[in-house]
Amino acid sequence: MDRREIDKAIEYSFGKDPIALPDDRYLERKGQEYLSKQGWLERELLGGNKHVR
């Protein structure tokens, strides 16, 4: 396959628009938001008690 055939195969498979991947800062922020929400949920489910035996 030459370069032009490879490019056509990629365009056919994935479309012409480039695939945008989120950067590390975005992923880190979303991870922190997720962990914060999980902590909030745990506190709500445990009734606000941090020390559960």
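Visitor: How many salt bridges does the structure hold?

Guide: The structure holds two salt bridges. The term denotes a side-chain nitrogen of Lys or Arg within 4 Å of a carboxyl oxygen of Asp or Glu. This is a predicted model, in which local features need pLDDT of at least 70 and side-chain atom pairs count only at pLDDT 80 or more, while totals for chains, interfaces and linings use all residues. Residues are numbered from 1 along each chain as its sequence is written, and side-chain values use heavy atoms, with hydrogens and water left out.

Visitor: Which residue forms a salt bridge with Asp 7?

Guide: The partner of Asp 7 is Arg 3, and their closest N and O atoms are 3.6 Å apart. Both residues lie in helix H1, four residues apart, about one turn of the helix. A helix here is a DSSP run (H or I, at least four residues), numbered from the N terminus; strands are runs of E, at least two residues.

Visitor: Is Arg 3 buried or exposed?

Guide: In general, buried means under 20% relative accessible area, exposed means over 50%, and partly exposed lies in between (1.4 Å probe, protein chains only). Arg 3 counts as exposed because its relative accessibility is 61%. Asp 7, at 30%, counts as partly exposed.

Visitor: How many of the twelve residues of H1 are buried?

Guide: The number is zero, so H1 lies largely in the open. Of the 53 residues of the chain, 2% count as buried.

Visitor: Which residues form a nonpolar patch on the surface?

Guide: A patch is made of residues with over 30% relative accessible area and no salt bridge; like charges are joined within 9 Å, and nonpolar side chains (Val, Leu, Ile, Met, Phe, Trp, Tyr) within 5 Å. Here the nonpolar patch consists of Trp 40, Leu 41, Leu 45 and Leu 46, with about 440 Å² of accessible area together. Accessible areas come from the Shrake-Rupley method with a 1.4 Å probe; for residues, only the protein chains shown count as cover. Leu 45 belongs to helix H2 (residues 24-45) and counts as exposed at 68% relative accessibility.
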